[in-house]
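Subject: Structure handover

Hello,

My notes on what turned up follow below it.

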Amino acid sequence: MSAFVRVASLAELEEDTPKRVEVDGTPISLVRTAGEVFAIYDICSHANVSLSEGEVEDCAIECWLHGSSFDLRTGKPSGLPATQPVPVYPVKIEGEGPDAAVLVSVTQES
Ligand code: FES
């Protein structure tokens with residue numbers, strides 16, 4: 001069973017600007033891009049660096065320290081130095097317009 005937790009409203013998420021949230025102690029980077037919202041584990045798989053401080057481009061988030069980019073849909077790195085994926089989580093949007101709620105479940109990786 002997966003429990004979805006409200007983490008933000010849609011209006012709080014700026015396009016291509018990651019927002020760090022926590023769900024049950026799990027740090028998550030929320031990214032709104034290309035009309036969708038993604039949730040990816042906020043710590044790079046290469047070292048202890050917050051991915052939400054990186055840049056978003058082409059549905060990927062770049063680790064600012066050494067430049068590996070992680071696909072927001074799969075968590076897979078595009079290239080070295082990171083070799084391991086980071087978890088990604090399912091996102092649900094409830095409601096309409098800017099007040100719509102963004103929900104994430106960390107009990108189930110997508
Ligand atoms: S810490 Fe992220 S690529 Fe090295």
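How many bridges join β3 to β4, and do they run parallel or antiparallel? There are 6 bridges, and the two strands run antiparallel. Strands here are DSSP runs of E with at least two residues, helices are runs of H or I with at least four residues, and both are numbered from the N terminus. Two strands pair if DSSP finds at least two bridges between them.

Two points on the source. This is a predicted model, where local features need pLDDT of at least 70 and side-chain atom pairs count only at pLDDT 80 or more, while totals for chains, interfaces and linings use all residues. Residues are numbered from 1 along each chain as its sequence is written.

**Overall**

The protein chain has 10 strands and 0 helices. Its C-alpha atoms fill a box of roughly 40 × 30 × 20 Å along the principal axes. The radius of gyration of the protein chain is 13 Å, which agrees with the value near 13 Å for a compact globule of 110 residues. That radius is taken over C-alpha atoms, and the globule rule is 2.2 Å times the number of residues to the power 0.38.

Of the 110 residues, 34% count as buried. Buried means that 20 or more other C-beta atoms lie within 10 Å of the residue's own; exposed means 12 or fewer, and partly exposed is in between, with C-beta atoms placed from the backbone. Among contacts between residues at least 6 apart in sequence, 39% join residues at least 24 apart. A contact needs C-beta atoms, placed from the backbone, within 7 Å.

The UniProt record, an unreviewed entry, lists "domain: Rieske" for residues 5–100. UniProt positions follow the numbering used here, feature names are shortened, and annotations may be inferred rather than shown by experiment. In the model, the end C-alpha atoms of that span lie 13 Å apart. The span is 40% strand and 0% helix.

**The four-stranded sheet**

This open sheet has the order β2-β3-β4-β8, with antiparallel pairing. Its edge strands are β2 (19–23) and β8 (88–89), each pairing on one side only.

Start with β2 and β3 (residues 26–33), which pair over 5 bridges. Arg-20 stands opposite Ser-29 in β3. Val-23 has Thr-26 as its bridge partner in β3. The two strands form a hairpin with 2 residues between them. Asp-24 lies in that turn, with a positive phi of about 50°. Asp-24 is exposed, with 10 other C-beta atoms within 10 Å.

Next come β3 and β4. Ile-28 has Tyr-41 as its bridge partner in β4. This hairpin also has 2 residues between its strands, and Ala-34 takes a positive phi near 50°.

Then β4 (residues 36–41) pairs with β8 over 2 antiparallel bridges. Ile-40 has Val-88 as its bridge partner in β8. Strand β4 is mostly covered, with 5 of its 6 residues buried.

**The three-stranded sheet**

This one is also open, in the order β5-β6-β7, with antiparallel pairing. β5 (56–57) and β7 (69–71) stand at the edges with a single partner strand each, so one side of each is left without a neighbour in the sheet. β6 (residues 60–62) and β7 pair over 3 bridges. Ala-60 stands opposite Asp-71 in β7.

Asp-58 sits in the loop between β5 and β6. Its phi is near 50°, a positive value in a residue other than glycine. With 11 C-beta neighbours inside 10 Å, Asp-58 counts as exposed.

**The core**

The largest nonpolar core has 26 residues. Such a core is a set of buried Ala, Val, Leu, Ile, Met, Phe, Trp, Tyr and Cys residues joined through C-beta atoms within 7 Å. Those with the most contacts inside it are Ile-28, Leu-30, Phe-38, Ala-39, Ile-40 and Ile-61. The elements giving two or more residues are β3, β4, β6, β8 and β10 (101–104). β4 gives the most, with 5 residues.

Leaving out residues up to four places away in sequence, Phe-38 touches Val-31, Leu-72, Arg-73, Val-88 and Val-91.

**A backbone detail**

Most residues other than glycine have a negative phi, and most peptide bonds are trans. The peptide bond from Leu-80 to Pro-81 is cis, with omega near 10°. Pro-81 is in the loop between β7 and β8.

Best regards

Notes:
Contact = placed C-beta atoms within 7 Å.
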